[in-house]
Amino acid sequence: MNYSLRKARPDDIEWLYELNRKSFVEVVVRQFGKWDEAFQRQIFFLKWEKPRPAQIIEQGSDRVGVVILEQLKDCNWLHEIQICPNYQGQGLGTTLLRDLLADARSRGVPLRLQVLHANQDAKRLYARMGFLEIERLANHFLMEIR
């Protein structure tokens with residue numbers, strides 16, 4: 001699965017919000033009972049007030065997702081990986097995760113992430129890739145792979 005990454009730009013922000021909404025509305029409703037658009041926009045844009053290590057995933061000239069990865073001293077922390085719904089199920093997420101894992105292994109650190117309890121599709125993908133649940137938090141599973 002071919003893809004390229006480029007640094008997210010300010011003109012991507014509304015597209016990123018729409019991707020976030022499409023990616024999480026069903027999961028948030030399952031977990032918390034509702035999607036409050038004003039609240040979700042507030043939370044989303046608050047996160048983007050500071051620079052984030054966000055990269056837009058592209059196939060050709062199409063924006064197809066986003067990955068936000070932070071290289072910390074003790075791990076590579078995967079804050080977000082979101083693929084547009086019409087590009088899901090084609091192996092892109094798996095390919096990207098394999099590449100992120102290879103990078104973490106080259107640094108000698110684990111790759112860590114959190115996934116909402118209600119996001120069982122994502123949790124199954126991570127488990128299939130070899131991620132292990134290392135802690136159950138109030139709303140998330142903390143997972144890692146070495």
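Contact means that heavy atoms lie within 4.5 Å. The model is predicted.

**Exercise 1. Determine which residues surround L111, and relate L111 to the largest nonpolar core.**

Solution. 

Step 1. Set aside the neighbours of L111 within four places in sequence; the contacts of L111 are then L69, N76, L78, L97, L100, L101, A104, F131, M143, E144 and I145.

Step 2. Turn to the core. The largest nonpolar core has 40 residues. L111 is among the residues with the most contacts inside this core, together with L16, L78, Y126 and F131.

Step 3. Identify the contributing elements. Two or more residues of this core come from each of α1 (13-32), β2 (54-59), β3 (62-71), β4 (76-83), α3, β5, α4 and β7 (140-145).

Step 4. In soluble globular proteins, nonpolar side chains tend to be buried together.

**Exercise 2. Is P110 buried or exposed, and which residues does it touch?**

Solution. 

Step 1. P110 is situated in the loop between α3 and β5.

Step 2. Its relative accessible area is 3%, and P110 is therefore buried.

Step 3. Not counting residues up to four places away in sequence, P110 touches D74, C75, N76, A104, E144, I145 and R146.

**Exercise 3. Characterise the packing of α3 against α4.**

Solution. 

Step 1. Take the geometry. Helix α3 (residues 92-107) packs with α4 at an angle of about 50°, and the axes are 11 Å apart.

Step 2. State the handedness: α3 and α4 cross in a right-handed manner.

Step 3. Name the residues that meet. α3 supplies T94, L97 and R98, while α4 supplies L125, Y126, R128 and M129. By class, this contact has four nonpolar, one polar and two charged residues.

Step 4. T94 lies in helix α3 and, at 15% relative accessibility, counts as buried. Apart from neighbours within four places in sequence, T94 is in contact with L125, R128 and M129.

**Exercise 4. Carry out the corresponding analysis for α1 and α2.**

Solution. 

Step 1. The angle between α1 and helix α2 (residues 37-47) is about 125°, with their axes 11 Å apart.

Step 2. This angle makes α1 oblique to α2.

Step 3. The crossing of α1 with α2 is right-handed.

Step 4. In α1, the residues I13, E14, L16, Y17, N20, R21 and V28 meet E37, Q40, R41, F44 and F45 in α2. These residues divide into six nonpolar, two polar and four charged.

**Exercise 5. Assign the burial of N119, Q120 and A54, and describe where each residue lies.**

Solution. 

Step 1. N119 is in the loop between β5 (111-116) and α4 (120-129). With 15% relative accessibility, N119 counts as buried. Beyond four places in sequence, N119 touches F24, V27 and R30.

Step 2. Q120 is found in helix α4 and counts as partly exposed at 34% relative accessibility. Q120 and R105 are 15 residues apart in sequence, with 26 Å between their C-alpha atoms.

Step 3. A54 is in strand β2 and is buried, with a relative accessible area of 3%. Leaving aside neighbours within four places in sequence, A54 is in contact with R6, K7, A8, W48, V66, V67 and I68.

Conventions
Residues are numbered from 1 along each chain as its sequence is written. This is a predicted model: local features need pLDDT of at least 70, side-chain atom pairs count only at pLDDT 80 or more; totals for chains, interfaces and linings use all residues. Side-chain values use heavy atoms; hydrogens and water are left out. Helices (H or I, at least four residues) and strands (E, at least two) are DSSP runs, numbered from the N terminus. Buried means under 20% relative accessible area, exposed over 50%, partly exposed in between (1.4 Å probe, protein chains only). Axes are lines fitted to C-alpha atoms, for helices over the stretch in contact, and angles run from 0 to 180 degrees between N-to-C directions. A crossing is left-handed if the near helix is turned anticlockwise from the far one by less than a right angle, and right-handed if clockwise. Ala, Val, Leu, Ile, Met, Phe, Trp, Tyr, Cys and Pro count as nonpolar, Asp, Glu, Lys and Arg as charged, and the others, Gly among them, as polar. A nonpolar core is a set of buried Ala, Val, Leu, Ile, Met, Phe, Trp, Tyr and Cys residues joined through side-chain atoms within 4.5 Å. Angles under 35 degrees count as roughly parallel, over 145 as roughly antiparallel, 65 to 115 as roughly perpendicular and the rest as oblique.
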